[in-house]
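Student: I am new to this structure. Can we go through it with a few questions?

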Amino acid sequence: MAIGERIAIKSRREIELMRDIGHFTAEILLELRERARPGVTTATLDEYAARALEKRGLTSPFLGYAPGGVAPYPAVLCTSVNDEIVHGIPGPRELREGDIISLDFGVELRGWHGDSAVTIAVGGIDSEAKKLIETTHEALDEGIAQMVPGNRLSDIGHAVECRATKEGYGVVEQFVGHGIGRRMHEPPQVPNYGRPGRGPRLKPGMVFAIEPMVNIGSERVRVLDDEWTAVTADGSLSAHFEHTVLITDNGPEVLTRIEGSH
Ligand code: MF3
Ligand code: CO
């Protein structure tokens, strides 16, 4: 987080809009999950996501996104398969039985944003991959459980890291969660690691995208020549989950969770 950049507190009206956007994000992600089957290409999933946005009058904050002068992101969806951690670009790759895939999807409506990701199995997968997916999902939930007023920012990452390292997994440090609202990426950065009890105090009205990225092996990352696809340096499997979460007086409210979603 840039020094002096404050964490926005969303108004009641802004929260209402973010709830709607979160609902749309969850709905479309659920539809995409159903379609991630053996033989389907990742480009097909992206085309489906683009149509789902259009049908609802929504736009994509991913398409054309170009932070710091990198090549503009060319799709509305990130599809990261097996050793790909995040930001996999959809293309002609066909999914195969036994793959795992992270579907990472963002929605924009009237200048406001939602962001969520889920890692799923393509057909049957082995027990190691299953355990990685389950652990990463639990790590997300344990991070979210820390989002209560009065806690500090680093309590989130600490909880995520503890859950993942208990299994001997590597927690990616090169990419982090983030504030979200009027922009897809707002302050603060929300790392998935760290000592507890540090950083700003959490307050009702703050909204963060929490997104653990967990590798079976080393946490080290390599970015491919396409300037986006992040893969594990050691080729090990990686999982990624994300939710957009509002802090309320009564604790966390997961804006991108609906019946049936992660
Ligand atoms: N959900 C990811 C994030 O929070 C994806 C954004 S990268 C993009 O960073 F290029 F796809 F937009
Ligand atoms: Co995000």
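What follows is a short exchange on the ligand, a salt bridge and the backbone.

Tutor: This is a predicted model, where local features need pLDDT of at least 70, side-chain atom pairs count only at pLDDT 80 or more, and totals for chains, interfaces and linings use all residues. Residues are numbered from 1 along each chain as its sequence is written, and side-chain values use heavy atoms, with hydrogens and water left out.

Student: Where does ligand 1 sit?

Tutor: A molecule sits in a pocket if more than half of its atoms lie within 2 Å of the pocket's grid points. By that test, ligand 1 sits in the largest pocket.

Student: How do the residues of the shell around ligand 1 divide?

Tutor: Asp, Glu, Lys and Arg count as charged; Ala, Val, Leu, Ile, Met, Phe, Trp, Tyr, Cys and Pro as nonpolar; the others, Gly among them, as polar. The shell divides into 6 nonpolar, 3 polar and 4 charged residues.

Student: Which residue's side chain meets K10 in a salt bridge?

Tutor: A salt bridge is a side-chain nitrogen of Lys or Arg within 4 Å of a carboxyl oxygen of Asp or Glu. Here the N to O distance is 3.0 Å, and the partner of K10 is E186.

Student: Is the peptide bond from P187 to P188 cis or trans?

Tutor: Most peptide bonds are trans. P188 lies in strand β7. With omega near 0 degrees, the bond from P187 to P188 is cis.

Key: Chains lettered and ligands numbered in written order. 1 Å grid on protein atoms, 1.4 Å probe; cavity = no way out; pocket = protein on both sides within 12 Å on 5 of 7 lines; lining within 4 Å. Helix = DSSP H or I, 4+ residues; strand = E, 2+ residues; numbered from the N terminus.
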